[in-house]
Amino acid sequence: MSIWHQRWNENRIGFHRLEANPTLDEHWSSLALQNSAKVLVPLCGKSLDMHWLHEQGHTVVGIELVEKAVKQFFEDASASAVVDKKPTGTKYSTESIHIYHADFFEVQPDEAPFDAWYDRAALVALPSSMRQAYVEQLCNLTSKGSQGLMVTFDYPQNEMQGPPFALPDSEVESLFSKHFQVLRIQWSDLLEEEQRDLSRCSLSVFVLTRR
Ligand SMILES: C[S@@+](CC[C@H](N)C(=O)[O-])C[C@H]1O[C@@H](n2cnc3c(N)ncnc32)[C@H](O)[C@@H]1O
C-alpha cells in the first residue's frame, strides 16, 4: 500500500482545503486561455479547485491514485458520476468534471492533449527522484502552447520531512526549461504568515508555457 493510500485511509489529509485556492482568483487569468480550454489537474485529491476551474467554463480532468479521494470528491458535491473502466484507470465523470482513478505516470486520458494544467501540491508531493518523470508525463499530455499554473514550496529539506518536499525555484527552472518557458509570478515568505518551525519557508507561483 502506498503512503497515499495509507494517508487517505487514516484521513490524514491536512493538504485538503475547504475553499478554492486563492492563487486561482489571483493568477489563473494570467494564462491566456479560452473558457472552453481543457484543463488537467495532476494528483488532484478531492480538491475544490476543480469546481472553481469548472465554473470558469473549462472541461476539468483530474488524475488521482486513491479511489477513496475520487469517490469523496463526487459525494461531497452530491453528484453521481458515471464510472467507466479504461485500460489505464477508471474514469469517473459528470458533465464537465472527469477524474481518473489512475497513476499519473501511466494514465492516458481520452481528453489529452490538454490546453492547460494546474498544479497545487502535486509536484511538491513527489520526492525529487520522481520529478523528471512528472515533467515528461506533463509533456506527453499537453499540447504545444499550453500553459500551466504551478504553486511550489521551498524550505531547508533537512528541517522537515516531506511531503510537501522542498522545491527550490532553481530546480523548477532546470526541470522545466527544456520544454517550457518558465515565469515566476509570485514569491511569498511563508514564515511571516504561518510561523512554521523552519528557519526559512517560501511559496512561489509559476506560469509555464509549453514550447
Ligand atoms: C498533497 S495531495 C494534493 C491533492 C490536491 N492537489 C490538493 O491540492 O488538495 C497529493 C495527492 O496526489 C495523489 N497521488 C500521489 N501519487 C500519485 C500518482 N502517482 N498518481 C496520481 N495521484 C497521486 C495522492 O493520493 C494525493 O491525493
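Modeller: The shell around the ligand divides into eleven nonpolar, two polar and three charged residues. Here Ala, Val, Leu, Ile, Met, Phe, Trp, Tyr, Cys and Pro count as nonpolar, Asp, Glu, Lys and Arg as charged, and the others, Gly among them, as polar. As to sources, this is a predicted model, in which local features need pLDDT of at least 70 and side-chain atom pairs count only at pLDDT 80 or more, while totals for chains, interfaces and linings use all residues. Residues are numbered from 1 along each chain as its sequence is written, and side-chain values use heavy atoms, with hydrogens and water left out.

Biologist: Which residues come nearest to the ligand?

Modeller: Of the 16 residues around the ligand, those are L43, E64, D103, F104 and R120. A residue is called near if one of its heavy atoms lies within 4 Å of the molecule.

Biologist: Why is L43 called partly exposed?

Modeller: Buried means under 20% relative accessible area, exposed over 50%, and partly exposed in between (1.4 Å probe, protein chains only). L43 has 23%, and is therefore partly exposed. L43 lies in the loop between β1 and α3, and has a positive phi of about 50 degrees although it is not a glycine. Helices (H or I, at least four residues) and strands (E, at least two) are DSSP runs, numbered from the N terminus.

Biologist: How do you know that P42 is buried?

Modeller: The relative accessible area of P42 is 1%, which is under 20%, so P42 is buried. P42 touches I63, F104, Y118, A122, Y134 and L138, leaving out residues up to four places away in sequence; contact means heavy atoms within 4.5 Å.

Biologist: Is K46, a charged residue, buried or exposed?

Modeller: K46 is buried, because its 10% is under the 20% limit. K46 is placed in the loop between β1 (38–41) and α3 (49–55), and its side chain makes a polar contact of 3.4 Å with that of D76. Beyond four places in sequence, K46 touches W8, I13, H16, A69, Q72, F73 and D76.

Biologist: Why is N158 called exposed?

Modeller: Its relative accessibility of 73% is over 50%, so N158 counts as exposed. N158 is in the loop between β7 (142–154) and α6 (169–176). S78 is likewise exposed, because its 70% is over 50%. S78 follows α4 and has a positive phi near 50 degrees.

Biologist: What makes a group of residues a nonpolar core?

Modeller: A nonpolar core is a set of buried Ala, Val, Leu, Ile, Met, Phe, Trp, Tyr and Cys residues joined through side-chain atoms within 4.5 Å. The largest has 56 residues, and W28, L53 and F176 have the most contacts inside it. Apart from it lies another core, of six residues, including W8, I13, V66 and A125.

Biologist: Which residues of α4 are buried?

Modeller: In α4 (residues 67–76) they are A69, V70, Q72, F73 and F74. They pack against α1 (3–9), α3, β2 (59–64), β4 (89–93) and β5 (97–101).

Biologist: What kind of peptide bond joins G162 and P163?

Modeller: That bond is cis, with omega about -5 degrees. The bond from P163 to P164 is also cis, with omega near 0 degrees.

How values were computed: A polar contact is a pair of N or O atoms within 3.5 Å; within protein, one must be able to donate a hydrogen and the other to accept it, and residues adjacent in sequence count only if both atoms are side-chain atoms.
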